[in-house]
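Please have the sequence and the model open while reading.

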Amino acid sequence: MTLKYFDVDNAKGLVEELFYLSFDEGDIPFESTVLPISCISITNIYGKNQSAFFKKTKTDLNGLVITGQFYESYQFLVNSKGSSFGISFHPTAIYKLTKIDVSKLTEKHLPLIEVSETLYNLIHPIFIKHKDDIPRLSRTLKKTFLNLPLEKNDTIDQIDKAIEFIRVKEGMLNTYELLDHVNFSQKTLETQFKKIIGLTPGKYIRLNRFLKLMRKYEGKEIDLKDLIYMYNYYDHSHFVKDFKYFMKQSPKEYFNSEHQFLNEYLNK
């Protein structure tokens, strides 16, 4: 398995990650847990027999696929060699690009053409034309997205402000603290956040805290016991509860197993 990331450069604020993932015969069959990354992504699959399992439902992944916000991990399976190139977007980017209610994408993998035919028709030819030149594909996609018109209004600005505050605090806050930094009532914040981001503020905060902890652990920045305390888990059982919820296994099971795909992502 090869997982490679490309610079997002001046596309930051719109594009969070550009990545290339490939599998050879020796990698097959491949299966991995995928931890939610609090972003919506679009991925073009060059190959066959890739699928995702979530809550006992299998979704075949073919062509251009948009993946909404997930609040729980899902299983990713590959049964033949192939590759894919993906774009993870800033949390508000898909709404700015399409004006759709992104909560309709939550916990789903959908053909992009069913969600936005305009966006599909724009980028699908790029994925086909540059499939054998990944660096050029990366550059062309960045340039394309940077030249697209974006929806702008005060509501989106307030949600962007909320996202930035959550990231600065590394998820160590609650929704009441968030209300001190935006010009919304609690009800409006909940409604608009879910519409533009795909998750409620509370779920987004909880997910970001856990993801930040896991990245610091995998980066070997600090001992796990210290991280649990640092990230305001009241005790070990509270951390275990969140771990099982997000990862669908206990910490002991996870840390005693190999997770190449997930570890490479967390260590990027």
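Are H3 and H4 roughly parallel or roughly antiparallel to each other? The angle between them is about 160°, and H3 and H4 are therefore roughly antiparallel (over 145 degrees). The model is predicted, with local features requiring pLDDT of at least 70 and side-chain atom pairs pLDDT 80 or more, while totals for chains, interfaces and linings use all residues. Residues are numbered from 1 along each chain, and side-chain values use heavy atoms, without hydrogens and water.

**Helix pair**
- Helix H3 spans residues 117-129 and helix H4 residues 134-146, with axes (lines fitted to C-alpha atoms over the stretch in contact) 10 Å apart.
- The crossing of H3 and H4 is right-handed, the near helix being turned clockwise from the far one by less than a right angle.
- In contact (heavy atoms within 4.5 Å) are Leu119, Leu122, Ile123, Ile126 and Phe127 of H3 with Leu137, Thr140, Leu141, Thr144 and Phe145 of H4.
- Eight of these contact residues are nonpolar, two are polar and none is charged.

**Second largest pocket**
- The second largest pocket has a volume of about 230 Å³; a pocket is an open set of points on a 1 Å grid where a 1.4 Å probe fits, with protein on both sides within 12 Å along at least five of seven lines.
- Its lining (residues with an atom within 4 Å of a point) has 13 residues, of which Gly171, Leu173, Asn174, Ile205 and Arg209 are the closest to the centre.
- Helices H6 (175-179) and H8 (201-218) each give two or more residues to this lining, and H8 gives the most, with four.
- The lining comprises four nonpolar, six polar and three charged residues, with Gly counted as polar.

Key: Grid points are joined across faces, edges and corners, and a volume is the space filled by probe spheres set on the points. Axes are lines fitted to C-alpha atoms, for helices over the stretch in contact, and angles run from 0 to 180 degrees between N-to-C directions. Angles under 35 degrees count as roughly parallel, over 145 as roughly antiparallel, 65 to 115 as roughly perpendicular and the rest as oblique.
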